[in-house]
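Please look over the sequence and the structure shown here before reading on.

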Amino acid sequence: MLHTNLSVNEHGHLTLGGMDTVELAQKYSTPLYLIDENRVREKMKTYIDAMGKYFPLGSMPLFASKSLCFKKIYTVASEMGMGIDLVSPGELYTARAAGFDLANAYFHGNNKTDADIELAINSGLGYFVADNREELDAINRIAGEKGIKQKILMRLTPGIDPHTHAAITTGKVDSKFGTAIETGQAIELVKYVLTLENIELEGFHCHIGSQCFEIKPFCDAADIMIMFMALVRDELGKATTTLNIGGGFGVRYTEDDPHIDIEKSIELIAEHIEKTCVRFEYTLPRVLMEPGRSIVADAGVTLYTAGSTKTITGYKSYVSIDGGMTDNPRYALYQSKYTILNASYADKEADFTATIGGRCCESGDLIAEDVKIKKPKRGDTLAVLVTGAYNYSMASNYNRIPRPALVMIKDGVDTLAVRRETYEDLIRNDL
Ligand code: LLP
């Protein structure tokens, strides 16, 4: 199977974390998000251990909330000793409601409103990752009103192209995020930040992109960032101590995708950073990373019930499912490839080529095109693998379709973590 937490049991059913997915589909109905909690914990531990081993004291991974956000995930992150990255007041609110200590939270985003900044400071936020000058002024003003000195990192664009899908590239010079080093604007902005009384600049952040399999772009970005930190030290007399290199490690969605060894990659990046620091005579900074996808993606499976199957003579066959772009918009948005199984007959040969269509009134509402699957009959459970990241968090109510439930599974026990939306939920705010 694609990942070690997937298997087939004696009934020929797909299992995730040892649990029968067809039984779970019957118990909770479909569409249904499943998250294998042990897998999430394993991945968090891999990051924590490797970063602790290869990077200086104080280094840590921050779970990228945008990849999967609901209360229980913050309980898991907190128990494991992860920090978190937040990009919106809604994520912050969710983490806070889960009792996560926001001292280990880093608040991103290219447009934090005054209300967002105020909410974050009132909630005891550790760090803002500040995007631009106007925002820095607002943080400085609001921190002053509250009588605190607010710690920040500054988001910079190192000008690296990580060779991934253009929509998920963020570190290039021409980006809506951060300030460019190459244009000279970043050093000017640092000069300005150092004049702000209520802000403590602790370091810098960059994120090159997502679903990256090569280590070189991370090393190249780190080089540019360290070179910049040395410039800040030499020209402005400020030696900052934190380097956040963002998230972005890729995951295996299909057999065609490579596998990334997280520990080895961290070791190689750490070695590289050490060399660069020696070159610039820079004291090794503590390093932060912001993995999202590589922590939760392969913990997730989405279950659907097959509806009608139809073949358009001379063209192709469509299998309809009871979900689609509302619970997984990634094919519609990025043509992302997925592995799809007939979970009811996971031991049978995939004998049928089909395009899997969702239930929205939109012809682009597809989950995959021309994939091989054991031909489903109406009522079979279909499983889309590796859906833990950017599926639930990107779900919508288009066509007034309620969002699915999310169930965590751990050591043979299934626990409802997010209940299924009801039709009543859909009209809750309608007046
Ligand atoms: N840090 C920052 C500043 C980011 O912008 C991102 C992702 C991450 C961390 C986490 O990256 P990861 O480790 O998950 O690759 N919706 C798209 C992905 C957008 C990612 C945006 N930023 C998708 O479904 O592929």
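Predicted model: local features only at pLDDT ≥ 70, side-chain atom pairs only at ≥ 80, totals over all residues.

Residues are numbered from 1 along each chain as its sequence is written, and side-chain values use heavy atoms, with hydrogens and water left out.

**The ligand**

There are 19 residues around the ligand, and Ser-210, Glu-290, Arg-293, Arg-330 and Tyr-390 come nearest; a residue is counted as near when one of its heavy atoms lies within 4 Å. By class, this shell has six nonpolar, seven polar and six charged residues, where Ala, Val, Leu, Ile, Met, Phe, Trp, Tyr, Cys and Pro count as nonpolar, Asp, Glu, Lys and Arg as charged, and the others, Gly among them, as polar.

| Residue | Atom of the residue | Atom of the ligand | Distance |
|---|---|---|---|
| Asp-85 | polar side-chain atom | nitrogen | 3.4 Å |
| Gly-248 | backbone N or O atom | oxygen | 2.9 Å |
| Tyr-334 | polar side-chain atom | nitrogen | 2.8 Å |

On its own the ligand has 590 Å² of accessible area, of which the protein covers 93%; such areas come from the Shrake-Rupley method with a 1.4 Å probe.

**Strands**

Helices (H or I, at least four residues) and strands (E, at least two) are DSSP runs, numbered from the N terminus, and two strands pair if DSSP finds at least two bridges between them. Three strands form an open sheet in the order E1-E2-E3, with antiparallel pairing. Its edge strands, each pairing on one side only, are E1 (6–8) and E3 (19–20). E1 pairs with strand E2 (residues 14–16) over three bridges, and Ser-7 stands opposite Thr-15 in E2.

Further along, strand E14 (residues 300–311) pairs with E15 in the antiparallel sense over four bridges, and Lys-310 stands opposite Tyr-318 in E15. E14 and E15 form a hairpin with five residues between them, and Gly-314 in the turn has a positive phi of about 85°. E15 also pairs with strand E17 (residues 352–357), in the parallel sense and over three bridges, where Ile-356 in E17 is the bridge partner of Val-319. Strand E15 (residues 317–321) has a covered face of Ser-317, Val-319 and Ile-321, while Tyr-318 and Ser-320 make up the uncovered one.

**Aromatic rings**

Rings of Phe, Tyr and Trp (its six-membered ring) pair if their centres lie within 6.5 Å, and planes under 30 degrees apart count as stacked, over 60 as edge-to-face and the rest as tilted. The count by this rule comes to nine aromatic pairs. In one of these, Phe-218 and Phe-249 are edge-to-face, at 5.2 Å centre to centre with 90° between the planes. This pair links distant parts of the chain, 31 residues apart, with Phe-218 in helix H8 (residues 216–236) and Phe-249 in the loop between strand E12 (242–244) and helix H9 (262–279). Both Phe-218 and Phe-249 are buried, where buried means under 20% relative accessible area, exposed over 50% and partly exposed in between. Tyr-33, Phe-70 and Tyr-392 form one aromatic cluster.

**A loop residue**

Arg-378 has its place in the loop between strand E18 (366–373) and strand E19 (381–385). Arg-378 counts as exposed because its relative accessible area is 66%. The C-alpha atoms of Arg-378 and Val-251, 127 residues apart along the chain, are separated by 31 Å.

Technical notes. Polar contact = N/O pair within 3.5 Å; in protein donor to acceptor, adjacent residues only side chain to side chain. Buried < 20%, exposed > 50% of the residue type's maximum accessible area, 1.4 Å probe, protein only.
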